[in-house]
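Colleague: Can you walk me through the ring contacts here? Keep it short.

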Amino acid sequence: MIPTARTPAWAADNGDGTYRNPVLHADWSDPDVVRAGRDFYLVASSFHRAPGLPLLHSRDLVNWSILGHALPSLEPDDVFGTPQPGCGVWAPALRHHDDRFWIFYPDPDRGIFVTTARDPAGEWSRPSLLKGGRGLIDPCPLWDEDGSAYLVHAWAKSRAGFNNRLTCHRMSSDATELLDEGRTVIDGDSLPGYRTLEGPKFYRRDGWYYIFAPAGGVADGWQSVFRSREVFGPYEERVVLAQGDTPVNGPHQGAWVTTAEGQDWFLHFQDKGPFGRVVHLQPLRWQPDGWPVIGASGAPVPSHAKPAVASPSAPGAPADGDDFAGTGVGPQWSWAANPRPGWLSVRPGEGPELKCAASDVDGDLRRLPNLLGQRLPSDRFRAATTMRLTGADTIGARAGLAVVGRTYAWIGLVSTVDGVHLVHRTAMAGEAEREAAPPVLVPVDADGTSVTVAVGVDVDPDGRCGFFAAIDGAAPRPFGEPFTSTAGHWVGATLGVFATAPTGRETAATARMSAFEVTGRSPQRTDATRGTDRG
């Protein structure tokens with residue numbers, strides 16, 4: 001197979017007591033973070049992907065690992081059995097209260113839900129509906145010092161017809177019901193220059209109620225903080241983080257967290273197009289007047305001394321590649337819709353087998369439910385695997401490695417009346433697939449299984465994807481022209497694999513894969529597939 005020594009796709013820990021941003025160079029969008037003891041836990045939005053509500057763990061806020069997911073699947077299943085881009089799980093809130101972990105999350109078409117667990121790595125309760133309705137987004141609870149509880153949330157204009165305001169409710173302490181009709185506590189329309197006020201996080205400190213909330217939109221927004229002596233206001237506001245003269249566009253929406261040692265930090269996202277909403281870590285300090293200062297006087301820092309914690313995490317980043325050593329895939333993978341039995345099987349030491357499941361989406365990978373994908377793990381990496389197509393007599397069966405957003409490209413194998421071919425295809429926004437390179441005939445053995453073909457992609461910081469392949473042990477060569485990836489609907493592009501066949505051709509055709517290898521690429525590296533410096 002293609003490779004060489006494993007180089008991490010991204011490393012935030014500089015190894016000298018400092019870190020670089022982003023600490024998570026992947027689409028862990030809309031992050032919220034809590035500390036329990038000396039452990040930090042992060043939850044992110046997941047939209048239409050299943051499983052949903054990914055949870056990450058760290059001991060130092062810099063080095064993170066994937067813990068699992070709070071939602072095994074999305075409901076209702078008859079809706080989320082097919083991809084629903086832009087729907088599903090929007091920005092969640094994570095809290096640790098009463099010896100329990102709580103996630104409040106919105107489905108913008110159905111309402112606000114609550115799920116809980118004693119152990120964040122264990123089983124979470126089935127979500128319960130706290131507030132039904134369309135356009136309800138970005139909920140966050142607050143349990144006050146006197147035992148009372150509150151919920152603040154924002155609004156999505158695409159569903160509710162309005163936005164730019166935050167609503168607060170009294171809530172039962174067990175988060176099973178709201179105790180009033182709610183009232184607007186912050187109206188962005190009344191604040192000069194404010195638009196798309198959303199993503200609130202609710203806190204209490206030194207007799208003040210604080211709502212950390214972003215405004216201005218995903219790509220170009222800023223972070224504000226609102227405070228009041230009374231939970232329902234009136235609130236005063238201050239912008240505490242903005243791009244300034246840095247390259248970090250739209251630094252906003254995230255979480256304030258305090259270490260066991262008393263240091264304050266703020267995690268937020270930055271939208272990077274096909275790479276999604278990556279996560280930055282900023283120092284935070286409280287001024288004597290009770291306002292926070294985030295980053296370097298309100299601008300994002302590119303690097304900083306790491307949090308001074310007693311037992312930091314070992315250097316590392318969330319898993320990306322997969323050696324498939326167990327009986328399933330790693331938690332870095334998710335499906336484009338609720339999975340179905342039989343789509344995938346993994347035998348230890350043999351790699352995964354993807355069933356060429358019948359699909360009626362006319363070959364469009366953006367609508368394919370059994371696309372098994374993960375987040376792009378950095379802005380400069382290589383991904384590669386090998387594939388063999390079995391049941392090659394199933395005309396139209398195909399399998400490949402893909403980069404999928406509003407546009408997509410893939411490289412892989414397809415069975416035709418003329419045999420099995422190695423193909424590279426692309427699809428622009430709103431368009432059908434087209435050939436991006438002349439197909440190449442691949443040998444097939446007597447039992448209808450193709451020879452092994454190595455396929456891969458090199459991804460650069462501008463989103464450019466260079467696909468390559470090698471047939472039956474040959475040296476890898478570029479295949480087709482470079483393709484520029486794009487984001488999906490509220491998500492970054494997906495790096496994935498798939499196997500499918502046309503509707504009405506239910507067969508035993510499968511795609512057998514080897515390890516899925518992801519490696520980082522240096523800007524100075526000369527690619528073996530091209531022989532030139534692409535940095």
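Predicted model: local features only at pLDDT ≥ 70, side-chain atom pairs only at ≥ 80, totals over all residues.

Colleague: How many aromatic pairs does the structure hold?

Modeller: There are 21. Rings of Phe, Tyr and Trp (its six-membered ring) pair if their centres lie within 6.5 Å; planes under 30 degrees apart are stacked, over 60 edge-to-face, the rest tilted.

Colleague: Why is the pair of Phe47 and Trp90 called tilted?

Modeller: Their planes stand at 55 degrees, so the pair is tilted; the centres are 6.2 Å apart. Phe47 sits in the loop between strand 3 (39–43) and strand 4 (52–58), and Trp90 in the loop between helix 1 (77–80) and strand 6 (93–97). Helices (H or I, at least four residues) and strands (E, at least two) are DSSP runs, numbered from the N terminus.

Colleague: Phe47: buried or exposed?

Modeller: Buried, as is Trp90. That means under 20% relative accessible area (1.4 Å probe, protein chains only).

Colleague: What about Trp102 and Trp143?

Modeller: Also a tilted pair, 5.0 Å centre to centre with 50 degrees between planes. Both are buried.

Colleague: New topic. Which ring does Arg204 lie over?

Modeller: Tyr209, at 4.1 Å from the ring centre. The test: NZ of Lys or CZ of Arg within 6 Å of the ring centre and within 35 degrees of the ring normal. Arg227 lies over the face of Trp208, at 4.0 Å.

Terms used: Residues numbered from 1 in each chain as written. Heavy atoms only, no water. Buried < 20%, exposed > 50% of the residue type's maximum accessible area, 1.4 Å probe, protein only.
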